[in-house]
Amino acid sequence: MAAKPPAGDPVQDAPEVAAPQHAAAGLPAIGHTLRIAQRQMGVRRTALTLLKVNQKNGFDCPGCAWPEPDKRHKAEFCENGAKAVAEEATLRRVTPEFFAAHPVADLATRSGYWLGQQGRLTHPMYLPEGAASYEPVTWERAFDIIAEELRALADPDEAVFYTSGRTSNEAAFLYQLFAREFGTNNLPDCSNMCHESSGSALTETLGVGKGSVLLDDLHKADLIIVAGQNPGTNHPRMLSALERAKAGGAKIISINPLPEAGLERFKNPQTARGLVGGGTPLTDLFLQIRLGGDQALFRALNRLILEAADTTPGAVDEEFVREHTHGFEEFAAAARAADWDETLRATGLTRAEIDQALRMVLASRRTIVCWAMGLTQHKHSVPTIREVVNFLLLRGNVGRPGAGVCPVRGHSNVQGDRTMGIFERPAPEFLDALEREFGFAPPREHGLDVVRAIRALRDGQAKVFFAMGGNFVAASPDTEVTEAAMRRARLTVHVSTKLNRSHAVTGARALILPTLGRTERDVRGGGEQFVTVEDSMGMVHASRGRLEPASPGLLSEPAIVCRLARRVLGPESRTPWEEFEKDYGTIRDRIAAVIPGFEDFNAKVSRPGGFALPHAPRDSRSFPTATGKANFTAAPVEYPTVPEGRLLLQTLRSHDQYNTTIYGLDDRYRGIKNGRRVVLVHPEDARELGLADGSYADLISEWTDGSERRAPGFRVVHYPTARGCAASYYPETNVLVPLDATADTSNTPASKSVVVRLEPGGPA
């Protein structure tokens, strides 16, 4: 019997506020996990499902991409992973009757939280042109509609094929294969909005756009620097790795504008000490940096390391620099010229704090730097990450056990999607391999990323938008512009498990195609299938769903792509789409023939725990860059400047949130309950601006071109953030970020450094 759905859409702009917490997880996390899971799945289903999460014979968590250890706990999941599983394995259902009762105009007024709480989609749904409501449609008719629109395009580049990070390797490979055989490289994905800056910087400097460490490296490190990241909410299982590193003697430096409970103290719910004791203090040094000041900080540390090398042998790994790097002299000149007044102004730190960090750096032989969106979503994100690489290269901390770069990916297979070819700027070698294997000539011109795809839709240059998962409208910047752009499309299609905001913002015609979740059994013509994923550290492993599908009419993502390709490409296509749909092992055989590192894919992935992809900098200290070496860089130091009376705002997640999926209306660790429209402001800044704790304000972003964006009705919360900085949740604040406000080189939306003024107002 289906669980009863929520009755209404709760008010979100009148939260209760308490003091922020100083420890993460423990008994409260267990209690919260069980309450949400049982509310969505019931007691028996909760037990059966959660015990299979991240197990070698189970399914990969549909949440974050943090890797699993070889030896796994019976409860190898975190609170937020359990929430993700519960929402996918829920007993609630969104049937055709639901859509009949809720026209699109009604859905458009609902919050993302309410939409997500309605449950799993059960039938393909179609919104005809001019219609008020979605109506059920057969799979055959749905594919016919898509084929009609695609074939009517004047050019294949008038279609956009978006991908979310939850798509499996098999589905992603097929999806990009179909798009390229159709004739376009328009393959934007969620990487464009998160770690594109990391990939750009790492490809240029190290030759591989991924992290260089494995999980065991964190356990071996002497020093771990966590910059611009909140693992307690966004990657909670990382806290277990940090706890183990601390037990091995590692020190941890946290660099963040906000104090985060998970980095202060971790109460591991898998240990007695975590459940009934005080837990483990994690951070040894907290550097409460001003937003956007990270490049200046690492530049200052690099200057100090070079100065230390003048008197202290070994401060710089001279042999590594000489044998394996390029561009050192130019970099060193720029680093030695770092200005202290500018450094302190950019970072908001003291010289004493930076000197303390230096002592910890010089005492460490094996250093890892981990980072996430706090570094990647600024205008100067790419030079910031290049400066992090400079910092590691100076002391030989790439290609050494226990050391390296660690960009922590947010979505379960976002890194695997990119490995499979989901990229608007594919390498010629990849396209050559596709051509050899499948006998067609892939397009060579670069396609559209997320921001450019929105522009193309806005300007009428793109007419069909197809999304393989995700919630594109809510995830993208400049909400009003994005929604208007989507409404200009001839057809919008979303392959989804659950309802979201994107289903209410449609083209002239729209389709919702319901698909299997990660938790569900996938039986095709060749028998029960499994898929594979790649985690944040380049480990590839199998994922096998165990639950019966939410509806007998659901298709898997690979099956959807195969049937669509057959309908659109017709008998002229030489690709064996029907064979691929029946047996995913045949897809993996073709992946093995195209993508380096996947040779003998089916045999490798049959091993419990999977296998590691090759990584030249890590494995052999070889660097496939233009120079053949690791590249030092010497970009000018950049940081945001803020006029008097303004604040620098970052967008962030609450604890009851994963990307655009809202599990609840609380942010337990930050003391926020029953509401999301809050803005966190330092008490001194708030007093100077005349904003009392509990008052309401409109957020107005200001941009150098003179444009402004407004987000109304946010409760002001006095909070210990860095001076001059503020924070608020997305997607509510995506409206503040213009489409053209992006990082240089990577074109990632600059959502972490938004200049705002706060005008007194009332609740939204």
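Good morning, everyone. One caution first: the model is predicted. Keep that in mind throughout.

Helix 8 covers residues 169-182. That makes 14 residues. How far does helix 8 reach from its first C-alpha to its last? The answer is 20 Å. At 1.5 Å a residue, 20 Å is also what we expect, and the two values are close. Is helix 8 mostly covered or mostly open? Mostly covered: 14 of its 14 residues are buried. Just after helix 8 comes Gly-183, with a positive phi of about 125°.

Now helix 21. This one takes in residues 381-394. Helix 21 has 14 residues, so at 1.5 Å a residue it should span 20 Å. Its end C-alpha atoms are 20 Å apart, which agrees. What about cover? Just after helix 21, look for Gly-396. Its phi is positive, at about 70°.

Next, salt bridges. Side chains of opposite charge can pair when their charged atoms come close. How many salt bridges does the structure hold? It holds 65. I'll pick out a few.

Take Asp-189 and Arg-418. Their side chains meet in a salt bridge, at 2.9 Å from N to O. Asp-189 sits in the loop between helix 8 and helix 9 (196-205), while Arg-418 sits in helix 22 (residues 414-419), so the pair ties together parts that are 229 residues apart in sequence. Are the two partners buried or exposed? Asp-189 has a relative accessibility of 1%, so it counts as buried. Arg-418 has a relative accessible area of 21%, so it is partly exposed. Buried means under 20%.

Here is another pair. Arg-563 forms a salt bridge with Glu-581. The closest N and O atoms are 2.9 Å apart. Why does this pair tie together two parts of the chain? Because Arg-563 lies in helix 27 (residues 557-569) and Glu-581 lies in helix 28 (residues 577-582). Those parts are 18 residues apart in sequence. Arg-563 is partly exposed, at 26% relative accessible area. Glu-581 counts as buried, at 8% relative accessibility.

Arg-458 is at 33% relative accessibility, so it counts as partly exposed. Asp-459 is at 40%, so it is partly exposed too.

Salt bridges can also link up here. Which residues form a network of them? Arg-646, Asp-698, Glu-702, Glu-708, Arg-710, Arg-757 and Glu-759. Find those on the structure and trace the links.

Now to the surface. Five names to note: Glu-579, Asp-583, Asp-589, Glu-599 and Asp-600. They gather in a patch of negative charge. Let's zoom in on Asp-589. Its place is in helix 29 (residues 584-594). With 46% relative accessibility, Asp-589 counts as partly exposed.

On to the backbone. Where is Pro-731? In the loop between strand 32 (725-729) and strand 33 (754-761). The peptide bond from Tyr-730 to Pro-731 is cis, and its omega is near 10°. Thr-745 is found in the loop between strand 32 and strand 33 as well. Thr-745 is not a glycine, yet its phi is positive, about 75°. Its relative accessibility is 58%, so Thr-745 counts as exposed.

Compare Asp-478. Here phi is near 50°, again positive, and again the residue is not glycine. Asp-478 has its place in the loop between helix 25 (472-475) and helix 26 (479-487). Buried or exposed? At 3% relative accessibility, Asp-478 counts as buried.

One last stop: Thr-532. You'll find Thr-532 in strand 21 (residues 531-534). Its relative accessible area is 0%, so Thr-532 is buried. Now look across to Thr-167. Along the chain, Thr-532 and Thr-167 are 365 residues apart. How far apart are their C-alpha atoms? They are separated by 9.5 Å.

That's my tour. Thank you.

Methods:
Residues numbered from 1 in each chain as written. Predicted model: local features only at pLDDT ≥ 70, side-chain atom pairs only at ≥ 80, totals over all residues. Heavy atoms only, no water. Patch = residues over 30% accessible without salt bridge, like charges linked within 9 Å, V, L, I, M, F, W, Y side chains within 5 Å. Areas by Shrake-Rupley, 256 points an atom, 1.4 Å probe, with all protein chains shown as cover. Salt bridge = Lys/Arg side-chain N within 4 Å of Asp/Glu carboxyl O. Lys, Arg positive; Asp, Glu negative; His and termini not counted. Charge placed at Lys NZ, Arg CZ, Asp CG, Glu CD. Helix = DSSP H or I, 4+ residues; strand = E, 2+ residues; numbered from the N terminus. Buried < 20%, exposed > 50% of the residue type's maximum accessible area, 1.4 Å probe, protein only. Expected span 1.5 Å × (residues − 1).
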